[in-house]
Amino acid sequence: MKNKVVLITGGSRGIGAATALQAAAAGWDVLLSFHTDQTAADAVVLQITEMGRHAMAIQADMGCEEQIRRLFAVADVQFGRLDALVNNAGIVDTAQTLAEFSSQRLERMFRINTIGAFLCAREAVLRMSTANGGHGGAIVNVSSIAARLGAPRQYVDYAASKGAVDVMTLGLAKEVAAEGIRVNAVRPGLIETDIHASGGQPDRVQRLAAGVPMKRGGTALEVANAIVWLISDESPYTTGSLIEISGGNL
Ligand code: NAP
């Protein structure tokens, strides 16, 4: 029998790359997507291959439905099964107040963070649901503690895009619970990755760490371990859960 297969969006860096490596260490084969950084994605694939697992990296913009469909078609053809989806790819934008937001900014944010996650979840359900002849599976959405906190004067749009993903997690979990699919979300707090630099705040974790009850930022590995538990057979009765991984920053 073939190994279980997890598809991780945005697996080239940060939380997605850490999840890919931890999943491989736990025995999963891994299909990961990236947007622009093929070199980083190939390096993750190489590390997984060296662990003796099957891995592949595919370019796919989460803002493009056609590219999402193509990504899942690769899972069908190259891996022959899909057991878990980690909806991890996501973006922030520069710090602005809501009064400064352009409609282009809002459309990009929701297209990638929200609609992209919905479309990936749809493709996963179509393949995994026992109602469609699948053998069940697990979906983990990577949300953010921003969905609780609102991210004022930073990126309320980002927080809202993740709030929508949280609601999708709750609704979809109930929709497919009897079809063998579990759906959960993690809500990371301040995690040390490149996402902050991409939003023009490379020192964001160091600057805000003192406000976290644990007085530090988290690591990608600390989030990855929770994700790998949620897709594993160790969490069979856990669905519709939103798990904070934020050092007490609630
Ligand atoms: P990151 O280091 O910036 O990595 C982002 C990943 O997403 C990369 O693999 C990137 O691909 C991919 N990506 C970016 N835009 C994409 C697009 N349009 N289509 C497809 N893939 C795209 O981010 P991270 O910090 O690991 O964040 C991962 C997830 O955790 C995100 O959903 C983020 O919102 C969430 N999160 C992060 C934090 C934090 O503090 N770091 C906190 C809460 C939630 P390339 O490498 O090819 O660019």
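Is D29 buried or exposed, and at what relative accessibility? D29 counts as buried because its relative accessibility is 10%, where buried means under 20% relative accessible area, exposed over 50% and partly exposed in between, with a 1.4 Å probe and protein chains only.

The model is predicted, so local features need pLDDT of at least 70 and side-chain atom pairs count only at pLDDT 80 or more, whereas totals for chains, interfaces and linings use all residues. Residues are numbered from 1 along each chain as its sequence is written, and side-chain values use heavy atoms, with hydrogens and water left out.

**The sheet**

Seven strands form an open sheet with parallel pairing, in the order β3-β2-β1-β4-β5-β6-β7; strands (E, at least two residues) and helices (H or I, at least four) are DSSP runs numbered from the N terminus, and two strands pair if DSSP finds at least two bridges between them. The edge strands, each pairing on one side only, are β3 (55-59) and β7 (242-245). From one strand to the next the twist averages 15 degrees, with axes being lines fitted to C-alpha atoms, for helices over the stretch in contact, and angles running from 0 to 180 degrees between N-to-C directions. Helix α6 (residues 156-176) packs on this sheet, touching β4 (84-87), β5 (137-142), β6 (181-188) and β7, and its direction makes about 160 degrees with that of β6; contact means heavy atoms within 4.5 Å. Elsewhere in the sheet, β1 (residues 5-8) and β2 (residues 29-34) run parallel and are joined by four bridges, with L31 in β2 as the bridge partner of L7.

| Residue | Strand | Relative accessibility |
|---|---|---|
| D29 | β2 | 10% |
| P188 | β6 | 6% |

The side chains of D29 and N3 are joined by a polar contact of 3.4 Å, a term for a pair of N or O atoms within 3.5 Å in which, within protein, one must be able to donate a hydrogen and the other to accept it, residues adjacent in sequence counting only if both atoms are side-chain atoms. Neighbours within four places in sequence aside, the contacts of D29 include K4, R53 and F79. With the same exclusion, P188 is in contact with residues including I15, V142, V223 and I245. Between P188 and I15 the C-alpha to C-alpha distance is 9.6 Å, although 173 residues separate them in sequence.
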